[in-house]
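Subject: Handing over the structure

Hello,

Here is the structure I promised to pass on to you. Please open it first, and then read my notes below.

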Amino acid sequence: MTVVSVESSTTSTALVLPFEVGSARKARRRLAADLRGAGVHSDDVHDALLVLSELVGNSLRHARPLPSGTLRVTWTRLAHQVEVSVTDGGGPTEPRPLELPASALGGRGLAIVDDLSARWGVRRGERATTVYAVLDLTPPR
């Protein structure tokens, strides 16, 4: 796995990855391992992986890399939630769900994120933009 750097604890992980398509798969593998290792319900793991895929895909399609030529992917497990985020160098438009006709072949990424998450949003910095989503997790039995 080509990863520029990793920060990890029992409840959070941050990966700095190349700004390239293969980074989505690398991030998904690590997120799946972390969540499964923490005993997160499999349906919640699948939802988190889909949200992560959409956020990374949107970053690669619509934004620029960070000045280092990378993107930063993070997730943090809270009591009964997980926050997933992707940080890049920002783009020319504000991330938002699109109103599309049923026949549209793409453009539904943030609508999917909106449907699967309890909330999502955008944090803008001077040289970076972070899009995050918070997903509710099924409480353990």
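Residues are numbered from 1 along each chain as its sequence is written, and side-chain values use heavy atoms, with hydrogens and water left out.

Confidence and layout

The mean pLDDT (the predictor's confidence in each residue, from 0 to 100) of the protein chain is 87, and 85% of the residues score at least 70. Strand 4 (residues 81–88) has the highest confidence, at 97, and strand 1 (residues 5–8) the lowest, at a mean of 73. Where pLDDT is low, the predicted coordinates should not be read in detail.

There are 3 helices and 6 strands in the protein chain, in the order β-β-α-α-β-β-α-β-β along the sequence. Helices (H or I, at least four residues) and strands (E, at least two) are DSSP runs, numbered from the N terminus. Of the 141 residues, 40% count as buried; buried means under 20% relative accessible area, exposed over 50%, and partly exposed in between (1.4 Å probe, protein chains only).

The strands

Strand 6 (residues 129–136) runs antiparallel to strand 5 (residues 119–124), with 6 bridges joining them. Two strands pair if DSSP finds at least two bridges between them. These two strands form a hairpin with 4 residues between them. In it, R119 has V134 as its bridge partner, and R124 stands opposite T129. Strand 6 also pairs with strand 4, again in the antiparallel sense, over 8 bridges, and there E83 stands opposite V134. Because 7 of its 8 residues are buried, strand 6 is largely enclosed by the rest of the structure.

The helices

Helix 2 (residues 42–62) has 21 residues, which at 1.5 Å a residue should span 30 Å, and its end C-alpha atoms are 30 Å apart, so the two values agree. The expected span is 1.5 Å times one less than the number of residues. Among the buried residues of helix 2 are V45, L49 and L52. D44 is in helix 2 too, and counts as buried because its relative accessibility is 9%. D44 lies 7.0 Å from T138, C-alpha to C-alpha, though 94 residues separate them in sequence.

In helix 1 (residues 22–37) you will find R28, which is partly exposed at 29% relative accessible area. Its C-alpha is 9.9 Å from that of V73, 45 residues away in sequence.

Best wishes

How values were computed: This is a predicted model: local features need pLDDT of at least 70, side-chain atom pairs count only at pLDDT 80 or more; totals for chains, interfaces and linings use all residues.
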